[in-house]
Amino acid sequence: MTLQQAKFEYLLRLGDSSLIIGHRLSEWCGHGPILEEDIALINIALDFVGNATSILAYAAQVEGKERTEDDLAYMRNERDYRNLLLTEQPNGDYATTIARQFLYDVYTFFLYEELKKSKDDTIAAIATKSHKEITYHLRHTTEWMYRLGDGTEESHQRLQNALNDLWMFTGDLFDMDEVDALLIKEGIAPDLEKIKEAWEKHVKEVIIEATLQMPATTIKQTGSREGRHTEHLGYLIAEMQYIPRSYPNTKW
Amino acid sequence: MNISTYSKEQLLSLISEIPDPEIPVINIIELGILRDVNWDGTLCTVTITPTYSGCPAMKMIENDIKIKLKEIGINNTHVELVYSPAWTTDWINDAAKEKLRAYGIAPPEYISFDKRILTGKQREVKCPRCDSKTTEMISQFGSTACKALYRCIDCKEPFDYFKCI
């Protein structure tokens with residue numbers, strides 16, 4: 001594997017995760033439990049889609065096959081997608097959305113903190129920009145973890161169920177292969193083992209503070225690195241890609 | 001006038017007439033979005049940076065710049081989007097902050113942002129209408145990506161706060 005191939009693959013992992021979780025959040029538009037939350041989730045969705053746009057544009061440039069960020073977003077099938085399994089999980093109830101976002105926000109908070117130091121200038125610049133936004137995302141989900149976890153009996157139970165259900169997808173966050181090995185060596189990407197330590201510590205602190213229990217699930221499903229997804233991604237992509245596939249090259 | 005002789009100052013002064021699409025009381029130079037202008041006599045390269053990664057106003061700002069330059073005969077403009085150095089509220093100067101306040105948006109109160117936002121500790125934000133310091137945050141996310149939603153306990157008015165980033 002060449003450095004160029006590894007970089008392209010890595011950028012797809014970052015960009016696809018942002019795009020898919022951004023799209024998931026956008027599904028809340030007009031359906032939020034209260035107006036302020038509706039607005040908050042859509043603002044966060046916008047940050048993710050903005051991040052995906054800049055990362056996928058760079059991926060297309062690295063690939064050098066004259067594709068654009070839109071080609072990458074709208075003209076690939078699910079097996080070509082490299083987003084984390086966690087990001088494609090359905091919104092469910094509000095506790096499920098908050099649990100998914102919280103687990104992912106802690107991950108991106110520590111990951112992007114390291115990517116700011118990447119030896120690839122473009123990745124470092126995008127990460128510096130995004131990390132400021134991620135800090136706000138994490139604060140938002142952390143507050144909701146406390147509010148729901150330490151809230152009513154029902155909100156507590158719903159959040160606990162959501163954490164238990166989503167826990168099996170957290171192993172996938174830290175899966176590494178030859179792409180990571182090559183980029184770690186070049187100082188472009190961080191070692192996910194280190195991110196995992198920081199992630200586990202922070203997640204546990206918040207879960208305990210929110211009066212919740214750490215999930216006991218030990219089964220971990222992986223596969224996003226090879227494009228092996230859960231059944232949910234295909235449906236999401238079908239909806240997301242409908243317009244550009246049906247009316248190619250349409251302009252506003 | 002021969003268009004090839006425009007100076008950087010002339011171009012900057014012209015571009016300073018372009019307001020931010022969502023906060024029309026301040027222009028894109030005051031907001032710190034415009035980073036550079038270069039005119040070599042045939043091509044004008046304008047460098048801009050987004051406030052937030054997904055700021056939907058960037059495309060509109062790009063078009064506004066092209067239209068503005070066309071007015072003085074520059075038809076060949078390339079608008080480049082850069083991410084580094086990352087935009088920060090520190091680039092909004094005091095005069096622009098005062099314009100924001102007069103418009104009803106509480107300006108960013110502090111230097112950049114700090115990790116206190118992770119622990120949930122809130123900082124004092126003054127009401128742009130009655131100057132009261134007794135205000136509370138309703139939501140960290142407001143009408144646009146760069147603003148949070150606050151409420152004044154004294155005059156009861158809700159208001160936008162330009163959040164520090």
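Visitor: Leaving aside neighbours within four places in sequence, which residues is A99(A) in contact with?
Guide: Keep in mind that this is a predicted model. Setting aside neighbours within four places in sequence, A99(A) is in contact with L159(A), A162(A), L163(A) and L166(A).

Visitor: And which residues touch the most other members of the largest nonpolar core?
Guide: A99(A) is one of them, along with L11(A), A59(A) and I98(A). The core holds 108 residues. In chain B, domain 1 (3–81) and domain 2 (92–162) each give at least three residues to this core.

Visitor: Staying in chain A, where does V179(A) lie?
Guide: In helix α7 of chain A, residues 178–185.

Visitor: Is V179(A) buried or exposed?
Guide: Buried, because 20 other C-beta atoms lie within 10 Å of V179(A). Apart from neighbours within four places in sequence, V179(A) is in contact with A6(A), E9(A) and Y10(A).

Visitor: How many residues apart in sequence are V179(A) and K7(A)?
Guide: 172 residues. In space, their C-alpha atoms are 7.6 Å apart.

Visitor: Switching to the interface. How many residues of chain B are in contact with chain A?
Guide: 19 residues of chain B, against 23 residues of chain A. On the chain B side, α4 (116–119) and β5 (135–139) each supply at least two residues. By class, that side has 12 nonpolar and 7 polar residues, with no charged ones.

Visitor: Now chain B itself. How many helices and strands?
Guide: Chain B has 4 helices and 7 strands. Along the sequence the pattern runs α-β-β-α-β-α-β-α-β-β-β. The C-alpha trace spans about 60 × 30 × 25 Å along its principal axes. Of its 165 residues, 35% count as buried.

Visitor: What about the domains of chain B? How far apart are their C-alpha centres?
Guide: The centres of domain 1 and domain 2 of chain B lie 28 Å apart. Between them, 11 residues of domain 1 are in contact with 10 residues of domain 2. The domain 1 side of that contact has 6 nonpolar, 3 polar and 2 charged residues.

Visitor: Let's do strands. In which sense do β1(B) and β2(B) pair?
Guide: Antiparallel, over 5 bridges, with β1(B) covering residues 34–39. D36(B) stands opposite T47(B) in β2(B). The hairpin has 4 residues between the strands, and G41(B) there takes a positive phi near 100°.

Visitor: And β2(B) with β3(B), in which sense do they pair?
Guide: Parallel, over 5 bridges, with β3(B) at residues 77–81. V46(B) stands opposite V79(B) in β3(B). The chain crosses from β2(B) to β3(B) through helix α2 (residues 58–71) of chain B, and this β-α-β crossover is right-handed.

Visitor: Back to β2(B). Which side chains point to the buried face?
Guide: C44(B), V46(B) and I48(B) point to one face and are buried.

How values were computed. Residues are numbered from 1 along each chain as its sequence is written. Chains are lettered from A and ligands numbered from 1 in the order in which they are written. This is a predicted model: local features need pLDDT of at least 70, side-chain atom pairs count only at pLDDT 80 or more; totals for chains, interfaces and linings use all residues. A nonpolar core is a set of buried Ala, Val, Leu, Ile, Met, Phe, Trp, Tyr and Cys residues joined through C-beta atoms within 7 Å. A residue is buried if 20 or more other C-beta atoms lie within 10 Å of its own, exposed if 12 or fewer, and partly exposed in between; C-beta atoms are placed from the backbone. Domain bounds come from an automatic or database domain assignment. Two residues are in contact if their C-beta atoms, placed from the backbone, lie within 7 Å. Ala, Val, Leu, Ile, Met, Phe, Trp, Tyr, Cys and Pro count as nonpolar, Asp, Glu, Lys and Arg as charged, and the others, Gly among them, as polar. Two strands pair if DSSP finds at least two bridges between them. A crossover is right-handed if, with the strands pointing away from the viewer, the path from the first strand over the helix to the second runs clockwise.
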